[in-house]
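Open the structure in your viewer and keep the selection panel at hand. We will go from stop to stop, picking residues as we go.

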Amino acid sequence: MTSSADFVTLGDGRALLRGTTARLVRWFDDRFLQMAREDGAVECRFPATIAGDVLTRAGYFDAHPGGATGLGGGAASYWLPPAVCYHAYAMLAGTLLGAPIKLTASQTCFREADRAALTSDRLWEFTMREAIFIGPRDWVSRERTRWAERTDAFARDLRLSGSRLPAADPFFAAVGRGRHLIQQLKGLKEELRMAVGGDSVAVASFNLHESFFGSRFDITLQEGIAAHSGCVAFGLERWALAFIDQHGSAAADALVGA
Amino acid sequence: MTTFQSRLLEFVRSDLLRRSDIAIDENTYLFDDGLIDSLKILQLIAFVEIETGQTIPDRDVVMSNFRTVRTIAQRFGSASPDG
């Protein structure tokens, strides 16, 4: 799928949205924010850039070499965020959690590998809403399952057809292959995939990180052990594309009250 | 226990995990509590590939094949020259 009248890909991994498509992205973000707030998540608004030392501490550059876009030449100290949740671990670094924490935020994210993308379903720059869970292992695991089921129900209510499947991040380095295989083996990642223009695209992912970020950012539980974490990520432009592709523009107009 | 299973168990005990605080036998769940991380999984696969002379595609690296030393040996050991 390339461009429609309201979804204009600029040929460099960026897109311009207008009219119903723009409103649809906002509509989906509002729904996911509402789901998170009803669930007791604290709404956050994170900086538009992320410090290089945060991504280093998160192991991002080891797992995804060349995956993030730096600002300025040479050793950039600030980067465009490849995902939302790294901000959350940095915010909680060094804390002892009295109770599990649930957060939500959305922001524009950037994946360097998709910079030259020509299609609207794979962009360098896109909008991601995340719900993030940090706490004991079993609690994080239950939250992920609950959110996956809620998202399935939400998609069913909108008569959006898709399927939730085990997945693994596409990594590039040798260490990344190991992490990819561990993800696959332990069922740490699931994706909800929907049909868009004859392709299947992931509109949401449901992730468990075990104690990886808890250890790296020194986020501990009362028992003195590293907290587990998990997150749910929604690709907002893809939800809009899937809706328009499966139901048409008139239904989209009706949905957002155009 | 087959020769391959014995050698695999010895590799996991002595080279891969090297932990004196956990008794590891052929039925120990290898992926509980982060025993095997993203680097060790690659070492484990390399060992099995070298020992058995077969290449393990990524799609076969699933829990039903890798849960314990016994399951790895059952799944991949049949092609072992001495297993």
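This is a predicted model: local features need pLDDT of at least 70, side-chain atom pairs count only at pLDDT 80 or more; totals for chains, interfaces and linings use all residues.

Which residues does Phe66(B) touch, leaving out those up to four places away in sequence? From chain A comes Leu185(A). From chain B come Leu30(B), Phe31(B), Leu44(B), Ile45(B), Ile56(B), Asp60(B), Val61(B), Thr71(B), Ile72(B) and Phe76(B).

Next, show the largest nonpolar core. It has 100 residues. Phe66(B) is among the members that touch the most other members. So are Val12(B) and Ile41(B), along with Phe28(A), Tyr86(A) and Trp239(A). In soluble globular proteins, nonpolar side chains tend to be buried together.

Now move to where the chains meet. Colour chain A and chain B separately. Here 11 residues of chain A are in contact with 17 residues of chain B. In chain A, select Arg177(A), Leu181(A) and Leu185(A): they lose the most area to chain B, together 45% of what that side buries. The whole area buried between the two chains is about 1200 Å². Carbon and sulfur atoms give 61% of that area.

Zoom in on Arg177(A). Its side chain meets that of Asp58(B) in a salt bridge, at 2.8 Å from N to O. The count of salt bridges between chain A and chain B is one. Four residue pairs are in polar contact between these chains, both residues at pLDDT 80 or more.

Last stop: select helix H6 of chain A, residues 174–186. This helix gives 10 residues, the largest share of the side of chain A that touches chain B. By class, that side has five nonpolar, two polar and four charged residues.

Key. Residues are numbered from 1 along each chain as its sequence is written. Chains are lettered from A and ligands numbered from 1 in the order in which they are written. Side-chain values use heavy atoms; hydrogens and water are left out. Contact means heavy atoms within 4.5 Å. Buried area is the accessible area (1.4 Å probe) that two parts lose on being put together, summed over both. A salt bridge is a side-chain nitrogen of Lys or Arg within 4 Å of a carboxyl oxygen of Asp or Glu. A polar contact is a pair of N or O atoms within 3.5 Å; within protein, one must be able to donate a hydrogen and the other to accept it, and residues adjacent in sequence count only if both atoms are side-chain atoms. Helices (H or I, at least four residues) and strands (E, at least two) are DSSP runs, numbered from the N terminus. Ala, Val, Leu, Ile, Met, Phe, Trp, Tyr, Cys and Pro count as nonpolar, Asp, Glu, Lys and Arg as charged, and the others, Gly among them, as polar. A nonpolar core is a set of buried Ala, Val, Leu, Ile, Met, Phe, Trp, Tyr and Cys residues joined through side-chain atoms within 4.5 Å. Buried means under 20% relative accessible area, exposed over 50%, partly exposed in between (1.4 Å probe, protein chains only).
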